[in-house]
Amino acid sequence: MNSTNSKKLIKGTNDFVIRFANVNGSGSASANNLFSKVVFRSGVPISSKNIFPSNIQGLPTWFEVRVNEAGYLGRRGGYDFIVAVNGQTMDRDYQDLLPGGYFFYDSSKRLPNHYQRTDIQLIGIPLTTICNEHYTEPRLRQIFKNIIYVGALAYLFDMDFSVFEASIKSQFAKKAKLIEPNIKALLLGYDYAKEHFTGCCGLNIHRRDLNGDQIQMEGNDAAGLGAVYAGATVAGWYPITPSTSVIEAFEKYCHKYRVDGDGKNKFAIIQAEDELAAVGIVIGASWNGARSFTATSGPGVSLMSEFLGLAYFSEIPVVLMDIQRTGPSTGMPTRTQQSDLLAAAYASHGDTKHVLLFPSSPTECFHMTVQSFDLAEGLQTPVILMSDLDLGMNVHQCDPITWDDAQIYDRGKVLNLQQLDELPERWGRYLDVDGDGIPYRTIPGTHSEKGAFFTRGSSHDEYAAYTEDGEVYAEGMQRLLIKWNTAKNMVPRAEISGNVSEMGVLYFGTSAYATEEALDTLRQQNDLDAIRVKAFPFGPEVDEFVKEHKQVFVIEQNRDGQMKTMIINELSTNPEKLISILNIDGMPITAQFLIDSIGQYLSPKTMQAVKQETAS
Amino acid sequence: MTFIRPNFRHPENHTNERGFSIKNYEGALSTLCAGCGHDSISASIIKSCFELNLEPHKIAKISGIGCSSKTPTYFLGKAHGFNSVHGRMPSVTTGANMANKDLLYIGVSGDGDTASIGMGQFAHVVRRNLNMVYIVMNNGCYGLTKGQDSATADKGSAGKKGVPSPFDSIDLCELALQLGAGMVARSFSGDKKQLVPLIKAAIKHNGFAFIDVVSPCVTFNNTPNSTKGYEWVRDHMEATGTIDFIPHQSEITVDYPEGSSRTVAMHDGSALTLQKNQHDYDLSCRKEAINRIETVKMQQKILTGLMYLNESESDTHGRINTSDQALNSLAQSELCPGSTVLDALNASLR
């Protein structure tokens, strides 16, 4: 054991980053989640990220946990404590540890001779040996090895052990016989650490009461729940990481809340043969008056594109959740990005534009999902929820899910039997009666004489009749632009902070965690305004924000500055004033990266130069 | 082809039990080539729905892309139509059916639409046993893009450019049988006496009902050797600069008893021999059905008629246990769990 006095170790309470290095499929996830849950239940803010390979078993997987009393929940970068229990990555883990950090390893085997860092603290616990002594079954040896290291951490971080006990009890409430063995495993680790490593770790997790009524949830779980609350009854889907768990959540909550008195389902979930069929199902169901949705990722959006164009042009509501991952093609399927913006916004051939929503938390995933259905039906057009792997598949601490029972679904302009009966004139499926670009639709089967129409992707007149008259086509396309302008006032408003500077920061989606943390730091030295964009088309407030600022940093997690392109495209702004801040490594963007990237423009000298340049 | 709507009264202008005349089941004037077999199929659909006393507005007619997929415009004008995208009619119909099980779904497709680009969707809608009538208007070629071979073109048959197809054709009936369709039939567009009862049976069948209708393309199913074929005519019309000339031809019709064969002369001078199924065997035996198709095929004939019927399988709704009430008719109060359940849910996430 290294002496704790010979080097400067990282010390702190409720503010550090720990990384668990495991092997995929080894059962480590539940142990790591247990640790995470206990921190949360101890009233200390925490965020965790699963960094996992795109296979099922055997490859390295990491679980990154940031404990932060100040409540910053973005990725910080750097590791103060590493639990290195994967032989495959041990060298890398050893190197990745920050100076002064703690290297926790399975000391059943001696560390190789080249492990010579003197700036870190080694914590060796013979996990394998302990397991072999206490368990005979290979599977138990594997599973409890993970619980034992969590037990050791409980001691090392000086945590309240009773919270672990309570968590185990609630986790296994329905499998009571597992409670005792798990607590025993925790104690094996706890006691070993206590015996051998008293006072060696300067990192602590102490009880606080900072989490209020917050919950821990995955974005996809929240989106699936949102679809239930929004009244979606039909889901067509095709499995694709990282979107699959949206449908799994929808199914789970449907089985819980949506089974009728006869045990029959008030929902239909069709796992389709591919993404084309998945969105086809949504279009068919929406056309027929059911709220319907699908969830996919970038490759799925590509496949759905033709159908999205059809839905746009024939004006059928579609709710699509794009849980973005790293592209192009299959890219890095288990890493995160915000790189489907252009592909989603302008999906399909011909002139198309789709409404996009950008949630930043699971709570927003829920509310924006509900909103997606209202918007899709209100506007009779596709609406795409632009989530991503980080938001969708990681557990985030967030505000509780709430629902206002007074809220009524906005089914949009649908004519019912009585309205059709009373209609003085001939009903036209694509007539812009109200001047807002949104026509009235009917649901098949509503009326025996009125209301039937022929839906087609080919050019149609105001009465849905086929036409190749160029003028009629052009009028229809122009009306869709009127509808697009209407949409600008229907989508959620952007959130603006500060009104003090000529410099602005524009961000959206999951970049919010890191951006808001970075802004707190940057604003200590500089004046900075910020806008969190929540939707496309951009509302008037986005236009104003960009107009009013001489320089706007556009933060994105993609290579080509797709949001910047959309701003230039839609707002006819001077491209020179937009500065892209781009992160594309597939990992969630960090505050430090933003502080460094934006900071270089904000140093007093650069700031002056920027001002002069933009003034001239 | 004329675009003037004829003035005469329909010979079947009487009304059915529901008080509808056959006009209530008709659609817009066809813009297909004169004499196209597809128009006969449309007429058979009209007749079937009329005779079954269906409410026109309770029917959804859904199609993909192609000559055949244009036809829903030409029948059931009071029904709701959806001309979707190439090969994707099955998914749109699946969604529509999931939303409202109470409408009748008639899916119309072509051989290009079903056997090539939409093969995946076809296979899976059969597999799901969606309650629908699926009609393929099968002419072995792509009419709208001027006659390229489709996947149902027989090996050795020559397309527009006279190149014999080097590939085996796909028999959609055999495929439907293999994939578990509950009802499988084949007919000929000109044989209304056979086709109308088949369509009626398909409408009444609870589950996936498939009818492959051989419907010769009057414009593109010729061979270069045929002096009566389109190629020949076009060669002689080029001087006028008319490129899209379509020769006016009358529809081919046949009428012959069950169990017998009939050779039908095509517009291009070729011949098609149809063998009408005789119902003296077990219709519920999938294996026997495939055998019969293959046996007749070996005799250079095409088997028509009802090949397979199995009413016992439950449809998609039955298999996924959806509620008896149409999903699109459920009110918000029945769908939204409301605020009270969220307390417990939030608590479980803390």
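In which helix of chain A does Glu275(A) lie? In this predicted model, Glu275(A) belongs to helix H9, which spans residues 275-287 of chain A. The residue is buried but forms no salt bridge; Arg325(A), the nearest side chain of opposite charge, is 7.5 Å away. Beyond its neighbours within four places in sequence, Glu275(A) makes contact with Tyr238(A), Ile240(A), Thr296(A), Gly300(A), Leu303(A) and Met304(A).

The largest nonpolar core comprises 142 residues. Within this core, the members that touch the most others are Leu225(A), Phe293(A), Leu506(A), Met563(A) and Phe210(B). Apart from neighbours within four places in sequence, the contacts of Met563(A) are Leu341(A), Phe358(A), Leu506(A), Phe508(A), Val533(A), Phe538(A), Val554(A) and Glu556(A). A second core of 54 residues is separate, and includes Leu34(A), Val44(A), Val83(A) and Phe164(A). In soluble globular proteins, nonpolar side chains tend to be buried together.

An open sheet in chain A is formed by 5 strands in the order S20-S22-S21-S24-S25, with mixed pairing. From one strand to the next, the twist averages 20°. Strands S21 (residues 503-508) and S24 (residues 551-556) of chain A are paired in the parallel sense over 4 bridges, and Gly504(A) has Val552(A) in S24(A) as its bridge partner. Helix H17 (residues 540-548) of chain A packs on this sheet, touching S20, S21, S22 (529-533), S24 and S25 of chain A. The direction of helix H17 makes about 150° with that of S22(A).

Methods
Residues numbered from 1 in each chain as written. Chains lettered and ligands numbered in written order. Predicted model: local features only at pLDDT ≥ 70, side-chain atom pairs only at ≥ 80, totals over all residues. Heavy atoms only, no water. Helix = DSSP H or I, 4+ residues; strand = E, 2+ residues; numbered from the N terminus. Buried < 20%, exposed > 50% of the residue type's maximum accessible area, 1.4 Å probe, protein only. Lys, Arg positive; Asp, Glu negative; His and termini not counted. Salt bridge = Lys/Arg side-chain N within 4 Å of Asp/Glu carboxyl O. Contact = heavy atoms within 4.5 Å. Core = buried A, V, L, I, M, F, W, Y, C linked by side-chain atoms within 4.5 Å. Pairing = 2+ DSSP bridges. Axes fitted to C-alpha atoms, helices over the stretch in contact; angles between N-to-C directions.
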